[in-house]
Amino acid sequence: MSDEAPPVRARGLVKRYDDVLAVDHIDLNVRSGDVYGFLGPNGAGKTTTLRMALGLITPTEGVVELFGRDPLRYGARALEGVAGFVEGPRFYPYLSARKNLELLAALDGDGAAGRIDEVLEVVELSPRARHRVGGYSHGMRQRLGIAAALLRRPRLLILDEPATGLDPAGMRDMRQLIRGLAGEGITVLLSSHQLPEVQDLCDRVAIVDSGRVVYEGALADLRRQGGAGYRMRTTDDGRALELARAQTGIDHAASGAHGVHFQAQERDVGELSLALAGAGVGILALTPELATLEDLFFRLTEGNGAQGSQASASGSPGEDGPGAASSAPAPEERAVEIG
Amino acid sequence: MSSAAVSSPAAAAPRTAHARRPSTLTVYRWELRKLVSQKRTYLGLALVVILPLFFVVFQNVHQRHDHGADNIFASQITQSGLATPVLMLLFLSVFMLPLAASLVAGDIVAAEDGNGTLKTILTRSVNRGQVFAAKTMAAMTYAAVAVFLSAGVATVAGIASWGFHSVRSFSGTVVSAPEALLLVFASNAIYLIPLLTIAGFGVLLSTATRNSAAAVVGTIGLVILLFIVAQIPGLEGIRPYLVTEQFENWHGLLRTPTDWAPIAHSAWVCALYLVPSLFAAYLIFLRRDVAGG
């Protein structure tokens, strides 16, 4: 329970509701300073995992610790320095935003009441602070949720779909806010369906499917593992495509509007360039293209790829062995998200 | 959420290792403030205020003096305003005051569950035990407010209509007006013993069912059920141990000399209901999964 303890560390987390396995031996390692994306399709077990992290529900097995403290054992003390919301922030509709924050500040203590004006300013709700939350739009409630979290001056911010229901400007502002908070040293655990948002913000991710982690590690490593793609323009794209298809180690070669696309390891690209030169085909441009998070997400969570592509960045420095990813066989039962 | 605002220091400074956490009293105060802010809170209070007023107005309009000899306070209704709160307690104690207490007790946990706000308050710096204690105290405070508000309105309306005069007690002895006033409020305080037990049962149902309507109806259903049980021939032996039979425990105060036996009996009988109810509710609240909202 020292300051060196990681913000979130989960080991073998299981949640079972009768016959339904919502979370199946999830391991997570959120490090200090991470902007950590927590991804998965609906029903994958993300929200259930976050609820267990916040001590709202009891794991069937396993343990989750926040800064080294298990919420079940330490109660509210485990949430010191932790803030956020799961499945959308909820407030008392018959109270104004300010009164809601006053209530939450009273439940926080530690001078939180003195920060109300400040956090209302941050989320730009000051002009509407005296209006009842019952009349607020979804986006305004999301912003109020952020304000309520900031009241606690968190070191770890847990956000479950914070951009849901926001308009494009609101989503942009939310991204800026999260980036700004991360820049101030706050660790962010971000559960989101907005894959471009996660790709833009997060440095590490966990992808869950059917209640299990199918990848955990650095986003950059995941994208590298996804296979490097290349785009090439030549003096003779038709001939280049023929040569690429004939070359060992070059996969998925195809021509498109912007030249020839293929996937290959770096050394095979070198071989191809020599072959092209030997055939008298000049290379005008050769651009590496990393797979997008969206491509990788669907590869990991859909069809055969869901289980067949279980991967991790376990080779990366500092990664805990068991926490890197689950390597157990595919679960036969489909997990559903409860609550 | 402007980019300029992002650099606000609000989130910058890390908290100290062990921040001072709020007291249960703080949580309780906010529970009361939440009750005060909700319209439904006033429904129960309106019921127990309107009925005494209606009774006094009706009596004034009809100018009835003979109310039968079955109740000594009924026969004194126009002789002293202090008979009014006693009669009102007699009438309201059976159903209306338990109903008012149930409206809040049955709602106090379940409503938060339904609205999803339970997760909001349980992810702050207070423990579940504190939240439960504060909610229970708030529900019981409401029940007490309902009882004394009703008694206050009935007393003021009665005195305004028929004056501040001495009354005769159940034993037939004359009690001076100031002493009778004191006894009126003491009787209401004694009546709180079974009423708070009903409220405690409401809190249990509210915690266990997570459904406001089920908890409120269930609590009132229990009151009705116990009244029915009390009427079943052959079950006379258990009648003294039913909570609903304790609703008349305060009669002992209005006898000369004061009969403390029914009050003491009611205290331990109610404790037998209240303590296990609240303990069960506490355990459920502590261990439950907050998966709603």
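Strands here are DSSP runs of E with at least two residues, helices are runs of H or I with at least four, and both are numbered from the N terminus. I noted that this is a predicted model, where local features need pLDDT of at least 70, side-chain atom pairs count only at pLDDT 80 or more, and totals for chains, interfaces and linings use all residues. Residues are numbered from 1 along each chain as its sequence is written, while chains are lettered from A and ligands numbered from 1 in the order in which they are written.

Next I followed β1 (residues 8-17) of chain A, which pairs with β2(A) in the antiparallel sense over seven bridges; pairing takes at least two DSSP bridges between two strands. A:Arg9 stands opposite A:Asn29 in β2(A). The hairpin of these strands has two residues between them, and there A:Asp18 takes a positive phi near 50°.

How buried is β2(A)? Nine of the 11 residues of this strand (residues 20-30) are buried, so it is largely enclosed by the rest of the structure. Buried means 20 or more other C-beta atoms, placed from the backbone, within 10 Å of the residue's own.

I then read off the open sheet of three strands: β2-β1-β4 in chain A, with antiparallel pairing. β2 and β4 (61-66) of chain A are the edge strands, each pairing on one side only.

**Chain contacts**

Last, I checked the interface: 47 residues of chain A are in contact with 40 residues of chain B. Contact means C-beta atoms, placed from the backbone, within 7 Å. α6(A) gives the most to chain A's side, with six residues.

Terms used
Contact = placed C-beta atoms within 7 Å. Buried ≥ 20, exposed ≤ 12 C-beta atoms within 10 Å, placed from the backbone.
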